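Here is a short briefing for a first look at this structure. Please have the sequence and the model open as you read.

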Amino acid sequence: MTDASASRDVWVIDDDRGVRFVLAEALRDAGHAVREFGDVASVRAALKTARPALLLTDVRMPGEDGLALLEELKAQGIGPVIVMSAYTDVATAAAAYRHGAADYLAKPFDLDQAVAAVERALADVAPPPAPKAVASHPTLFGESSAMREVFRLIGRVAASDLSVLITGETGTGKELVARALHEESARRGKPFVALNTAAIPSELLESELFGHEAGAFTGATRRHAGRFEQAEGGTLFLDEIGDMPLALQTRLLRVLAGGEFYRVGGRELMRGDVRIVAATHQDLAARVASGQFRADLLHRLDVVRIELPPLRQRRSDIPKLAEHFLAAAAVELKLPPKRFSKAALKAIAQRDFPGNVRELENLCRRLAVIAPGAEILPGDLGTAAPGAGGDDWTHALRDWAEQALARGEADIHARAREALDHTLMQAALRAHDNHRQHAAAALGVGRNTLTRKLGASRTRRPNKT
C-alpha cells in the first residue's frame, strides 16, 4: 500500500532562496510536503535515499544546470518534472520539453499558476511528447504572457505530425512560428517549403501545389514538381489558406485524407509524406458560414491552433524587438550601429503598429538609414514614419510635445494650435485653387472664420524675403 503523503512529496530546486521560499510555502498551503534545494549536487545526494513525486527545477544555476538534472531524472524514471526559467524564448521552452519536462513555467509566474501546474502534472501519468531538436529563432521572442503561451504550444506540438493552424493579424510572424515548428521536429533535416496561396493566381495555384506534366496546358513544356513533392518528408507551410479557391480546397482535402495526389495532366498516383502547417489572418469559421471555405477542410487543418497576439497586446516586447531589428539592420545594410534613447523606446512601445512586427521591423530599418545621430531620439521617429496617412501625424505631434516639454518650453498648446490651423487652411486652399468658400466648407468652418484666422496667422508670421 502506497503512503498518500509520499505521493505528494514535491522538491523545489532553485539557487534563488526567495523563489524557493515563496513557492514552497504556496505548495505547502496546497497540501504538499515540500523539500527545498539550492543546487543540483544536493538533489543528487538526496536521491540516494528518497524519490519525490514531482520536482520543480530552475534551468540556470551555479554548477550544473537544471536541464542536466532533468536528463538524469528522465533516464531513471523519476518525475514528473516542471522546469522554471527566466529565459523566455522558443529554444529554452523547447529544450525543457525535449529533456522530458512535464510543464514549463516562465518567470515571473503567478503562484496559483505554479500550484495548478503541479496538480496537473501529478494527475498526469504520461508526460506530453517532447520535441527532438533545439533551434534559435532570434525574432520570435518575448516575455509577455501571450508569447509565453505561444512558446509552450510550439514546444508541446512540434514533435508530433499534427496539422497546425496559425492565426493572427498580418505581420505577427506566422511564418516564423511555422519554421519553429519544423525546426523543433524530427523533420528538421527535410525541406521546409512555404507557399502564399493568396500571391499565386488561382489558375496557377493547382500546378504550384501538385505540379504538372509536360503538355498539361499551354506553356507547360516540361514536367514540374509541385510544392507537395518539394516538401517530401518535411513541412509544407500554406500561408493565407483562407484565400484558396473552393475547387482547390477539395483537392487539398483529399491529399490530407489519403496522402495521395495527381500532377496536373498526370496519370501517375503520387504519394507524399508531408506535414501541413497553415496560416490565415481571416476568420475561417465566418468563411465557412458564408460558403467560401469547406468546413471539413477547416477541421482537418485546425487540429491544433496557435493564435499569435498583435503587437499592441504585447507592448512589453516592443523595446527588445526594436533593439534587435535596429542592430540587425546596421549589420545587413553595413551602417554604423545606432541605439535608442530611453524616451524613444518608450514612445515606440506606445504605438499601435497595425502592421505588427513587420511594421516595427520596417520602422527600425528606416531609422538605421535616416536617423541623423548615433542615438535615436523621439523626434527621429516622426521623420521615419511612412507617408501612408493614418494617424502617423499624431505620433510626430506627440514626439514634438515631449521634446518641447523636456526643454521646459511654455505656451506649447497655443503654438501647436496655431500651427495646426495654418497647416489645415493652407492645405485646403491649395486643394480648392485658393477658393476660400470651398476651402472653408471642406474644413467645416465658416468663410469669415477662415479669413480671420488667415489674417491672424499672417500678422504673427514674418514674411519670407
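D58 is buried, because its relative accessible area is 7% and buried means under 20%. The model is predicted. The chain has 465 residues, of which 43% count as buried.

**The chain as a whole**
- The chain holds 20 helices and 14 strands.
- Take the contacts between residues at least 6 apart in sequence: 69% of them join residues at least 24 apart.

**Around D58**
- D58 sits in strand β3, which spans residues 54–58.
- An unreviewed UniProt entry annotates D58 as "modified residue: 4-aspartylphosphate".
- Which residues touch D58, leaving aside its neighbours within four places in sequence? They are I13, D14, D15, G66, M84, S85 and K107.

**Strands β4 and β5**
- Strand β4 covers residues 81–85 and pairs with β5 in the parallel sense, over four bridges.
- M84, one of the contacts of D58, has L105 as its bridge partner in β5.
- Strand β5 runs over residues 103–106. D103 and L105 point one way from the strand, while Y104 and A106 point the other way.
- All four of these β5 residues are buried.

**Salt bridges**
- Side chains of opposite charge can pair when their charged atoms come close.
- The chain has 23 salt bridges.
- R263 and E268 meet through their side chains at 3.8 Å, N to O. R263 is buried, with a relative accessible area of 7%. E268 is partly exposed, at 45%.
- R263 and E268 also belong to a network of salt bridges that links them with E213, R223 and E229.
- R294 and D296 form a salt bridge at 2.6 Å, N to O. R294 is partly exposed, with a relative accessible area of 26%. D296 is partly exposed too, at 32%.
- D317 and R314 form a salt bridge at 2.9 Å, N to O. Both of these residues are buried.

**A nonpolar patch**
- L420, L424, L443 and V445 make a nonpolar surface patch of about 290 Å².
- L443 has its place in helix α19, residues 436–443.
- Is L443 buried or partly exposed? L443 counts as partly exposed, because its relative accessibility is 32% and that class lies between 20% and 50%.

Definitions and conventions:
Residues are numbered from 1 along each chain as its sequence is written. This is a predicted model: local features need pLDDT of at least 70, side-chain atom pairs count only at pLDDT 80 or more; totals for chains, interfaces and linings use all residues. Side-chain values use heavy atoms; hydrogens and water are left out. UniProt positions are given in the numbering used here, feature names are shortened, and annotations may be inferred rather than shown by experiment. Helices (H or I, at least four residues) and strands (E, at least two) are DSSP runs, numbered from the N terminus. Buried means under 20% relative accessible area, exposed over 50%, partly exposed in between (1.4 Å probe, protein chains only). Contact means heavy atoms within 4.5 Å. Two strands pair if DSSP finds at least two bridges between them. Patches are made of residues with over 30% relative accessible area and no salt bridge: like charges are joined within 9 Å, nonpolar side chains (Val, Leu, Ile, Met, Phe, Trp, Tyr) within 5 Å. Accessible areas come from the Shrake-Rupley method with a 1.4 Å probe; for residues, only the protein chains shown count as cover. A salt bridge is a side-chain nitrogen of Lys or Arg within 4 Å of a carboxyl oxygen of Asp or Glu.
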